[in-house]
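Take a moment with the sequence and the model before reading on.

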Amino acid sequence: MLGSLQDVYVAVMGVTGAGKSTFIEKLTGEEVNVNHGLVSCTADVEEYTFVYKARYKVHLIDTPGFNDTTLQDIDVLRKISSWLSAAYANDIKLSGIIYLHKITDNKMTGSAQKNLWMFKKLCGQDCFHKVCLVTTMWENVDEGTGNMREKELIETEAFWGYMKQHGSQVRQHTTNTRESAMSILGTLIEKKSDIVLDIQKELKDGMRLDNTGAGRQLTKAIDEIREKYRQDLEKLKKEKQDADAESAEQIEELQRQRRQELEQINQERKKMEVDMARLLEQKAQDLKSMENDTARQLKELEQELHKLEERNARYGQKLQEKREQLKEMKKKGEGNQALVLREIETMEETSKTQDKEAEEKRNRFERALKWVKQHREGLTESALLVAQIAGTMKCMKAAK
Ligand SMILES: Nc1nc2c(ncn2[C@@H]2O[C@H](COP(=O)(O)OP(=O)(O)OP(=O)(O)O)[C@@H](O)[C@H]2O)c(=O)[nH]1
Ligand SMILES: [Mg+2]
(Lines give C-alpha, C1' and ligand atoms only; values in the text may rest on other atoms or scores of the structure.)
(Ligands and ions follow the chains in the order given, each with its own letter.)
Protein backbone atom coordinates (compact mmCIF):
# COMPACT_ATOMS: atom_id res chain seq x y z
CA MET A 1 0.00 0.00 0.00
CA LEU A 2 1.47 3.30 -1.08
CA GLY A 3 0.33 5.21 2.01
CA SER A 4 2.50 3.16 4.33
CA LEU A 5 5.70 3.67 2.36
CA GLN A 6 8.54 5.39 4.15
CA ASP A 7 10.22 8.23 2.24
CA VAL A 8 13.98 7.94 1.76
CA TYR A 9 16.11 10.59 0.07
CA VAL A 10 19.45 9.69 -1.48
CA ALA A 11 21.58 12.15 -3.46
CA VAL A 12 23.79 10.95 -6.31
CA MET A 13 26.86 13.10 -6.87
CA GLY A 14 30.15 13.00 -8.76
CA VAL A 15 32.04 14.58 -11.61
CA THR A 16 30.41 15.10 -15.04
CA GLY A 17 30.14 11.83 -16.94
CA ALA A 18 30.76 9.63 -13.88
CA GLY A 19 27.48 7.84 -14.62
CA LYS A 20 25.08 9.44 -12.10
CA SER A 21 22.07 9.60 -14.42
CA THR A 22 22.73 6.09 -15.75
CA PHE A 23 22.91 4.74 -12.19
CA ILE A 24 19.54 6.35 -11.41
CA GLU A 25 18.05 5.06 -14.65
CA LYS A 26 19.07 1.52 -13.70
CA LEU A 27 17.28 1.83 -10.36
CA THR A 28 14.08 3.52 -11.45
CA GLY A 29 13.70 2.07 -14.93
CA GLU A 30 12.61 5.59 -15.86
CA GLU A 31 14.23 7.56 -18.65
CA VAL A 32 16.80 9.98 -17.24
CA ASN A 33 18.93 12.57 -19.08
CA VAL A 34 21.95 10.44 -19.86
CA ASN A 35 24.96 12.16 -21.32
CA HIS A 36 26.06 10.51 -24.58
CA GLY A 37 27.94 13.50 -25.92
CA LEU A 38 30.70 15.75 -24.75
CA VAL A 39 28.53 18.30 -23.04
CA SER A 40 27.35 17.81 -19.50
CA CYS A 41 23.81 16.59 -19.57
CA THR A 42 22.26 17.03 -16.15
CA ALA A 43 22.06 20.79 -15.83
CA ASP A 44 19.79 21.00 -12.82
CA VAL A 45 19.01 19.03 -9.70
CA GLU A 46 16.31 16.52 -10.58
CA GLU A 47 14.39 14.04 -8.49
CA TYR A 48 13.33 10.51 -9.50
CA THR A 49 11.35 8.10 -7.36
CA PHE A 50 10.79 4.38 -7.18
CA VAL A 51 9.51 1.87 -4.65
CA TYR A 52 12.15 -0.25 -2.92
CA LYS A 53 11.17 -3.64 -1.50
CA ALA A 54 7.54 -2.49 -1.13
CA ARG A 55 8.57 -0.60 2.01
CA TYR A 56 10.36 2.55 0.94
CA LYS A 57 9.61 5.28 -1.54
CA VAL A 58 13.13 6.14 -2.61
CA HIS A 59 13.74 9.66 -3.95
CA LEU A 60 16.97 9.76 -5.94
CA ILE A 61 18.43 13.21 -6.40
CA ASP A 62 20.39 13.58 -9.63
CA THR A 63 22.86 16.46 -9.43
CA PRO A 64 25.06 18.27 -11.92
CA GLY A 65 28.80 17.84 -11.27
CA PHE A 66 31.38 20.52 -10.59
CA ASN A 67 33.70 20.47 -13.51
CA ASP A 68 35.07 22.89 -16.01
CA THR A 69 35.07 26.54 -15.22
CA THR A 70 34.68 28.48 -12.02
CA LEU A 71 31.73 30.34 -13.53
CA GLN A 72 29.86 27.09 -14.19
CA ASP A 73 30.78 25.83 -10.73
CA ILE A 74 29.06 28.83 -9.15
CA ASP A 75 25.89 27.88 -10.95
CA VAL A 76 26.17 24.25 -9.87
CA LEU A 77 26.77 25.22 -6.25
CA ARG A 78 23.75 27.54 -6.30
CA LYS A 79 21.54 24.81 -7.79
CA ILE A 80 22.61 22.15 -5.31
CA SER A 81 22.34 24.60 -2.39
CA SER A 82 18.86 25.71 -3.46
CA TRP A 83 17.66 22.13 -3.52
CA LEU A 84 19.27 21.36 -0.17
CA SER A 85 17.79 24.55 1.33
CA ALA A 86 14.31 23.76 0.05
CA ALA A 87 14.66 20.21 1.40
CA TYR A 88 15.80 21.44 4.79
CA ALA A 89 13.00 24.00 4.98
CA ASN A 90 10.51 21.21 4.20
CA ASP A 91 12.02 19.00 6.88
CA ILE A 92 13.34 16.58 4.30
CA LYS A 93 16.58 14.93 5.31
CA LEU A 94 18.93 12.91 3.17
CA SER A 95 19.55 9.31 4.20
CA GLY A 96 22.76 9.04 2.29
CA ILE A 97 24.84 10.12 -0.64
CA ILE A 98 26.23 7.99 -3.42
CA TYR A 99 29.40 9.50 -4.86
CA LEU A 100 30.40 8.10 -8.24
CA HIS A 101 33.86 8.04 -9.78
CA LYS A 102 34.99 6.55 -13.11
CA ILE A 103 37.54 3.79 -12.61
CA THR A 104 38.59 4.38 -16.22
CA ASP A 105 40.36 7.62 -15.22
CA ASN A 106 44.01 6.62 -15.00
CA LYS A 107 44.74 9.41 -12.56
CA MET A 108 42.79 11.71 -10.32
CA THR A 109 42.20 14.56 -12.79
CA GLY A 110 42.06 18.20 -11.73
CA SER A 111 38.28 18.33 -12.10
CA ALA A 112 37.84 15.04 -10.21
CA GLN A 113 39.92 16.43 -7.34
CA LYS A 114 38.03 19.72 -7.32
CA ASN A 115 34.73 17.90 -7.41
CA LEU A 116 35.71 15.68 -4.50
CA TRP A 117 36.95 18.64 -2.52
CA MET A 118 33.67 20.53 -3.05
CA PHE A 119 31.74 17.39 -2.16
CA LYS A 120 33.59 17.00 1.15
CA LYS A 121 32.92 20.65 1.96
CA LEU A 122 29.23 20.32 1.14
CA CYS A 123 28.83 17.24 3.35
CA GLY A 124 31.10 17.82 6.30
CA GLN A 125 32.77 15.11 8.33
CA ASP A 126 29.67 14.25 10.37
CA CYS A 127 27.99 12.88 7.25
CA PHE A 128 30.86 10.77 5.96
CA HIS A 129 29.40 7.62 7.55
CA LYS A 130 26.39 7.92 5.23
CA VAL A 131 28.45 8.34 2.07
CA CYS A 132 28.99 5.49 -0.34
CA LEU A 133 32.01 6.01 -2.61
CA VAL A 134 31.39 4.03 -5.78
CA THR A 135 33.57 3.32 -8.79
CA THR A 136 31.79 2.91 -12.17
CA MET A 137 32.64 1.67 -15.68
CA TRP A 138 34.46 -1.48 -14.66
CA GLU A 139 33.58 -3.07 -18.02
CA ASN A 140 36.01 -0.65 -19.66
CA VAL A 141 39.08 -1.49 -17.61
CA ASP A 142 40.90 -4.74 -16.81
CA GLU A 143 40.35 -5.93 -13.26
CA GLY A 144 43.99 -5.67 -12.16
CA THR A 145 44.30 -2.04 -13.27
CA GLY A 146 40.93 -1.22 -11.73
CA ASN A 147 41.89 -2.72 -8.38
CA MET A 148 45.20 -0.86 -8.40
CA ARG A 149 43.41 2.47 -9.02
CA GLU A 150 40.83 1.77 -6.35
CA LYS A 151 43.63 0.96 -3.89
CA GLU A 152 45.26 4.31 -4.64
CA LEU A 153 41.96 6.12 -4.06
CA ILE A 154 41.54 4.43 -0.70
CA GLU A 155 45.13 4.77 0.42
CA THR A 156 45.46 8.45 -0.44
CA GLU A 157 44.20 10.54 2.45
CA ALA A 158 43.22 13.48 0.19
CA PHE A 159 41.25 11.22 -2.17
CA TRP A 160 39.01 8.69 -0.40
CA GLY A 161 41.31 7.76 2.48
CA TYR A 162 40.11 10.27 5.06
CA MET A 163 36.45 9.69 4.25
CA LYS A 164 36.85 5.92 4.50
CA GLN A 165 38.55 6.26 7.87
CA HIS A 166 35.52 8.28 8.96
CA GLY A 167 32.95 5.70 7.98
CA SER A 168 32.37 6.07 4.24
CA GLN A 169 31.84 2.81 2.41
CA VAL A 170 33.73 1.96 -0.76
CA ARG A 171 31.89 -0.10 -3.37
CA GLN A 172 32.35 -1.23 -6.97
CA HIS A 173 29.51 -0.85 -9.48
CA THR A 174 31.03 -3.67 -11.47
CA THR A 175 28.40 -4.54 -14.03
CA ASN A 176 26.35 -1.39 -14.71
CA THR A 177 23.22 -3.45 -13.96
CA ARG A 178 20.17 -2.90 -11.79
CA GLU A 179 21.29 -5.65 -9.38
CA SER A 180 24.61 -3.94 -8.77
CA ALA A 181 22.98 -0.52 -8.29
CA MET A 182 20.33 -2.02 -5.96
CA SER A 183 22.94 -3.70 -3.81
CA ILE A 184 24.83 -0.38 -3.42
CA LEU A 185 21.67 1.57 -2.60
CA GLY A 186 20.51 -1.20 -0.26
CA THR A 187 23.37 -0.73 2.18
CA LEU A 188 22.46 2.95 2.60
CA ILE A 189 18.76 2.29 3.04
CA GLU A 190 19.04 -0.68 5.40
CA LYS A 191 20.97 1.32 7.96
CA LYS A 192 18.61 4.25 7.57
CA SER A 193 19.35 7.38 9.57
CA ASP A 194 19.04 10.97 8.49
CA ILE A 195 21.85 13.43 7.97
CA VAL A 196 22.07 17.20 7.72
CA LEU A 197 24.90 18.35 5.51
CA ASP A 198 27.33 21.04 6.57
CA ILE A 199 26.09 23.44 3.91
CA GLN A 200 22.50 22.99 5.13
CA LYS A 201 23.56 23.77 8.70
CA GLU A 202 25.53 26.81 7.56
CA LEU A 203 22.70 28.23 5.45
CA LYS A 204 20.11 27.51 8.13
CA ASP A 205 22.24 29.53 10.56
CA GLY A 206 21.90 32.53 8.23
CA MET A 207 25.27 32.28 6.53
CA ARG A 208 25.58 33.64 3.02
CA LEU A 209 26.49 31.10 0.30
CA ASP A 210 29.88 32.72 -0.34
CA ASN A 211 30.77 32.27 3.33
CA THR A 212 29.98 28.56 3.56
CA GLY A 213 32.82 26.03 3.41
CA ALA A 214 32.03 25.03 -0.17
CA GLY A 215 31.32 28.65 -1.16
CA ARG A 216 34.64 29.86 0.25
CA GLN A 217 36.43 27.34 -1.90
CA LEU A 218 34.89 28.89 -5.00
CA THR A 219 35.30 32.50 -3.92
CA LYS A 220 38.98 31.79 -3.40
CA ALA A 221 39.23 30.58 -6.99
CA ILE A 222 37.27 33.63 -8.20
CA ASP A 223 39.47 36.03 -6.26
CA GLU A 224 42.55 34.45 -7.83
CA ILE A 225 41.11 34.95 -11.31
CA ARG A 226 40.13 38.54 -10.48
CA GLU A 227 43.63 39.26 -9.23
CA LYS A 228 45.12 37.83 -12.41
CA TYR A 229 42.84 40.02 -14.55
CA ARG A 230 43.76 43.10 -12.54
CA GLN A 231 47.46 42.37 -12.99
CA ASP A 232 46.91 41.85 -16.72
CA LEU A 233 45.21 45.25 -16.94
CA GLU A 234 48.08 46.91 -15.08
CA LYS A 235 50.60 45.31 -17.43
CA LEU A 236 48.62 46.37 -20.50
CA LYS A 237 48.40 49.94 -19.20
CA LYS A 238 52.19 50.12 -18.89
CA GLU A 239 52.73 48.52 -22.32
CA LYS A 240 50.38 51.05 -23.89
CA GLN A 241 52.47 53.98 -22.68
CA ASP A 242 55.47 52.93 -24.83
CA ALA A 243 53.52 51.57 -27.78
CA ASP A 244 53.19 53.05 -31.28
CA ALA A 245 49.74 53.92 -32.62
CA GLU A 246 49.01 50.53 -34.20
CA SER A 247 50.08 48.50 -31.17
CA ALA A 248 48.21 50.88 -28.89
CA GLU A 249 45.02 50.07 -30.75
CA GLN A 250 45.60 46.33 -30.27
CA ILE A 251 46.35 46.86 -26.59
CA GLU A 252 43.14 48.84 -26.19
CA GLU A 253 41.20 45.94 -27.66
CA LEU A 254 42.85 43.55 -25.16
CA GLN A 255 42.05 45.94 -22.32
CA ARG A 256 38.44 46.09 -23.41
CA GLN A 257 38.21 42.28 -23.44
CA ARG A 258 39.83 41.93 -20.02
CA ARG A 259 37.52 44.58 -18.51
CA GLN A 260 34.52 42.74 -19.89
CA GLU A 261 35.73 39.45 -18.41
CA LEU A 262 36.38 41.12 -15.09
CA GLU A 263 32.90 42.62 -15.13
CA GLN A 264 31.36 39.22 -15.86
CA ILE A 265 33.23 37.50 -13.06
CA ASN A 266 32.26 40.29 -10.65
CA GLN A 267 28.63 39.77 -11.55
CA GLU A 268 28.90 36.02 -10.98
CA ARG A 269 30.68 36.62 -7.69
CA LYS A 270 27.71 38.77 -6.66
CA LYS A 271 25.37 35.86 -7.33
CA MET A 272 26.97 34.02 -4.42
CA GLU A 273 26.07 36.76 -1.99
CA VAL A 274 22.76 35.11 -1.22
CA ASP A 275 21.30 33.66 1.94
CA MET A 276 18.83 30.80 2.32
CA ALA A 277 15.73 32.99 1.90
CA ARG A 278 17.06 34.48 -1.34
CA LEU A 279 18.12 31.07 -2.63
CA LEU A 280 14.61 29.79 -2.00
CA GLU A 281 13.06 32.82 -3.66
CA GLN A 282 15.20 32.21 -6.75
CA LYS A 283 14.36 28.51 -6.67
CA ALA A 284 10.63 29.34 -6.69
CA GLN A 285 11.17 31.62 -9.70
CA ASP A 286 13.16 28.91 -11.49
CA LEU A 287 10.45 26.33 -10.87
CA LYS A 288 7.81 28.69 -12.20
CA SER A 289 9.77 29.45 -15.37
CA MET A 290 10.53 25.74 -15.79
CA GLU A 291 6.80 25.08 -15.72
CA ASN A 292 6.19 27.78 -18.34
CA ASP A 293 9.06 26.51 -20.49
CA THR A 294 7.85 22.93 -20.50
CA ALA A 295 4.31 24.06 -21.37
CA ARG A 296 5.67 26.17 -24.24
CA GLN A 297 7.92 23.40 -25.55
CA LEU A 298 5.07 20.93 -25.42
CA LYS A 299 2.86 23.27 -27.42
CA GLU A 300 5.61 23.78 -30.02
CA LEU A 301 6.10 20.02 -30.35
CA GLU A 302 2.38 19.54 -30.77
CA GLN A 303 2.23 22.19 -33.51
CA GLU A 304 5.19 20.66 -35.34
CA LEU A 305 3.57 17.24 -35.15
CA HIS A 306 0.29 18.64 -36.43
CA LYS A 307 2.03 20.29 -39.41
CA LEU A 308 3.84 17.04 -40.30
CA GLU A 309 0.64 15.05 -40.09
CA GLU A 310 -1.18 17.52 -42.35
CA ARG A 311 1.66 17.44 -44.87
CA ASN A 312 1.65 13.63 -44.85
CA ALA A 313 -2.12 13.52 -45.33
CA ARG A 314 -1.85 15.85 -48.35
CA TYR A 315 0.93 13.72 -49.83
CA GLY A 316 -1.07 10.55 -49.16
CA GLN A 317 -3.97 12.07 -51.07
CA LYS A 318 -1.72 12.85 -54.06
CA LEU A 319 -0.37 9.30 -54.03
CA GLN A 320 -3.88 7.91 -53.99
CA GLU A 321 -4.78 10.07 -56.98
CA LYS A 322 -1.75 8.71 -58.90
CA ARG A 323 -2.84 5.14 -58.11
CA GLU A 324 -6.37 5.93 -59.39
CA GLN A 325 -4.81 7.42 -62.52
CA LEU A 326 -2.83 4.24 -63.16
CA LYS A 327 -5.92 2.10 -62.58
CA GLU A 328 -7.84 4.17 -65.10
CA MET A 329 -4.98 3.94 -67.65
CA LYS A 330 -4.84 0.15 -67.25
CA LYS A 331 -8.62 -0.09 -67.74
CA LYS A 332 -8.43 1.92 -70.96
CA GLY A 333 -5.13 0.36 -72.02
CA GLU A 334 -3.61 3.72 -72.88
CA GLY A 335 -0.83 6.20 -71.83
CA ASN A 336 2.67 5.63 -70.49
CA GLN A 337 1.79 3.27 -67.66
CA ALA A 338 5.44 2.42 -66.88
CA LEU A 339 6.23 6.09 -66.22
CA VAL A 340 3.30 6.53 -63.85
CA LEU A 341 4.22 3.30 -62.07
CA ARG A 342 7.75 4.61 -61.48
CA GLU A 343 6.30 7.88 -60.18
CA ILE A 344 4.12 5.93 -57.76
CA GLU A 345 7.11 3.91 -56.50
CA THR A 346 9.14 7.07 -55.85
CA MET A 347 6.19 8.67 -54.08
CA GLU A 348 5.73 5.56 -51.93
CA GLU A 349 9.37 5.81 -50.80
CA THR A 350 8.96 9.51 -49.90
CA SER A 351 5.73 8.73 -48.10
CA LYS A 352 7.47 6.07 -45.99
CA THR A 353 10.21 8.55 -44.98
CA GLN A 354 7.61 11.17 -44.12
CA ASP A 355 5.61 8.70 -42.00
CA LYS A 356 8.78 7.76 -40.10
CA GLU A 357 9.53 11.42 -39.45
CA ALA A 358 6.04 11.99 -38.06
CA GLU A 359 6.24 8.85 -35.95
CA GLU A 360 9.49 10.00 -34.36
CA LYS A 361 7.95 13.40 -33.64
CA ARG A 362 4.85 11.72 -32.17
CA ASN A 363 7.03 9.58 -29.88
CA ARG A 364 8.90 12.67 -28.69
CA PHE A 365 5.64 14.48 -28.08
CA GLU A 366 4.18 11.56 -26.13
CA ARG A 367 7.30 11.23 -23.99
CA ALA A 368 7.24 14.97 -23.27
CA LEU A 369 3.52 14.84 -22.47
CA LYS A 370 4.10 11.97 -20.04
CA TRP A 371 6.91 13.91 -18.35
CA VAL A 372 4.75 17.03 -18.03
CA LYS A 373 1.84 15.00 -16.60
CA GLN A 374 4.16 13.47 -14.04
CA HIS A 375 5.95 16.66 -13.07
CA ARG A 376 3.68 19.64 -13.69
CA GLU A 377 1.67 19.35 -10.51
CA GLY A 378 4.86 18.79 -8.53
CA LEU A 379 6.48 21.83 -10.14
CA THR A 380 3.58 24.14 -9.32
CA GLU A 381 3.26 22.82 -5.80
CA SER A 382 7.00 23.07 -5.17
CA ALA A 383 7.14 26.62 -6.53
CA LEU A 384 4.29 27.73 -4.27
CA LEU A 385 5.69 25.96 -1.25
CA VAL A 386 9.21 27.21 -1.76
CA ALA A 387 7.98 30.79 -2.30
CA GLN A 388 5.93 30.54 0.86
CA ILE A 389 8.91 29.35 2.91
CA ALA A 390 11.15 32.04 1.42
CA GLY A 391 8.53 34.66 2.40
CA THR A 392 8.30 33.33 5.96
CA MET A 393 12.07 33.33 6.29
CA LYS A 394 12.26 36.93 5.07
CA CYS A 395 9.63 38.02 7.63
CA MET A 396 11.47 36.18 10.40
CA LYS A 397 14.70 37.87 9.41
CA ALA A 398 13.04 41.30 9.34
CA ALA A 399 11.51 40.69 12.78
CA LYS A 400 14.91 39.84 14.32
N1 LIG B 1 30.38 1.08 -19.52
C2 LIG B 1 29.74 1.88 -18.70
N3 LIG B 1 29.25 3.04 -19.18
C4 LIG B 1 28.60 3.84 -18.33
C5 LIG B 1 28.41 3.51 -16.95
N6 LIG B 1 27.75 4.52 -16.37
C7 LIG B 1 27.54 5.44 -17.34
N8 LIG B 1 28.03 5.05 -18.52
C9 LIG B 1 28.02 5.83 -19.79
O10 LIG B 1 28.76 7.05 -19.54
C11 LIG B 1 28.17 8.17 -20.18
C12 LIG B 1 27.85 9.26 -19.16
O13 LIG B 1 26.87 8.77 -18.26
P14 LIG B 1 25.82 9.73 -17.48
O15 LIG B 1 24.97 8.82 -16.68
O16 LIG B 1 25.14 10.68 -18.37
O17 LIG B 1 26.82 10.56 -16.56
P18 LIG B 1 26.45 11.72 -15.54
O19 LIG B 1 27.33 11.55 -14.37
O20 LIG B 1 24.99 11.78 -15.28
O21 LIG B 1 26.92 13.02 -16.37
P22 LIG B 1 26.44 14.55 -16.21
O23 LIG B 1 24.96 14.58 -16.16
O24 LIG B 1 27.00 15.19 -17.44
O25 LIG B 1 27.07 15.09 -14.96
C26 LIG B 1 26.94 7.62 -20.89
O27 LIG B 1 27.29 7.38 -22.22
C28 LIG B 1 26.65 6.31 -20.18
O29 LIG B 1 26.00 5.38 -21.03
C30 LIG B 1 28.95 2.25 -16.47
O31 LIG B 1 28.87 1.87 -15.29
N32 LIG B 1 29.59 1.49 -17.40
MG1 LIG C 1 23.62 13.28 -15.50
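Which strands does helix α3 lie across, and at about what angle does it run to β4? This is a predicted model, and in it helix α3, residues 110-123, lies across β1, β4 and β5. The helix runs at about 170 degrees to β4.

Now turn to the sheet itself. It is open and has six strands. Their order is β2-β3-β1-β4-β5-β6, and the pairing is mixed. Strands β2 and β6 stand at the edges. Each has a single partner strand, so one side of each is left without a neighbour in the sheet. From one strand to the next, the twist averages 25 degrees. In general, strands of a sheet pair through backbone hydrogen bonds, either parallel or antiparallel.

Look next at one pair of strands. Strand β4 covers residues 94-102, and strand β5 covers residues 131-136. The two run parallel, and six bridges join them.

In soluble globular proteins, nonpolar side chains tend to be buried together.

What does valine 12 touch, leaving out residues up to four places away in sequence? The list is Lys20, Phe23, Ile24, Leu60, Ile61, Asp62, Thr63, Ile98 and Leu100.

Is valine 15 buried or exposed? Valine 15 counts as buried, because it has 24 C-beta neighbours inside 10 Å and the cut-off for buried is 20 or more. Beyond residues up to four places away, valine 15 touches Gly65, Asn67, Ser111, Ala112 and Asn115. Valine 15 and phenylalanine 119 are 104 residues apart in sequence, yet their C-alpha atoms are 9.9 Å apart in space.

Helix α1, residues 20-28, holds lysine 26. Lysine 26 counts as buried, because 20 C-beta neighbours lie inside 10 Å. Leaving aside neighbours within four places in sequence, lysine 26 is in contact with Thr177, Arg178 and Ala181. Serine 180 is 154 residues from lysine 26 in sequence, but 9.2 Å away in space, C-alpha to C-alpha.

Most residues other than glycine have a negative phi. Alanine 54 is not a glycine, yet its phi is positive, about 55 degrees. Alanine 54 sits in the loop between β2 (46-52) and β3 (56-62). With 9 C-beta neighbours inside 10 Å, alanine 54 counts as exposed. Asparagine 176 has a positive phi of about 55 degrees too. Its loop runs between β6 (169-172) and α6 (178-190). Asparagine 176 is partly exposed, because 16 other C-beta atoms lie within 10 Å.

Finish with helix α8, residues 213-241. How far apart are its end C-alpha atoms? They are 43 Å apart. At 1.5 Å a residue, the 29 residues of α8 should span 42 Å, so the two values agree. The buried residues of α8 are Ala214, Gly215 and Leu218.

How values were computed:
Residues numbered from 1 in each chain as written. Chains lettered and ligands numbered in written order. Predicted model: local features only at pLDDT ≥ 70, side-chain atom pairs only at ≥ 80, totals over all residues. Helix = DSSP H or I, 4+ residues; strand = E, 2+ residues; numbered from the N terminus. Buried ≥ 20, exposed ≤ 12 C-beta atoms within 10 Å, placed from the backbone. Contact = placed C-beta atoms within 7 Å. Expected span 1.5 Å × (residues − 1). Pairing = 2+ DSSP bridges. Axes fitted to C-alpha atoms, helices over the stretch in contact; angles between N-to-C directions.
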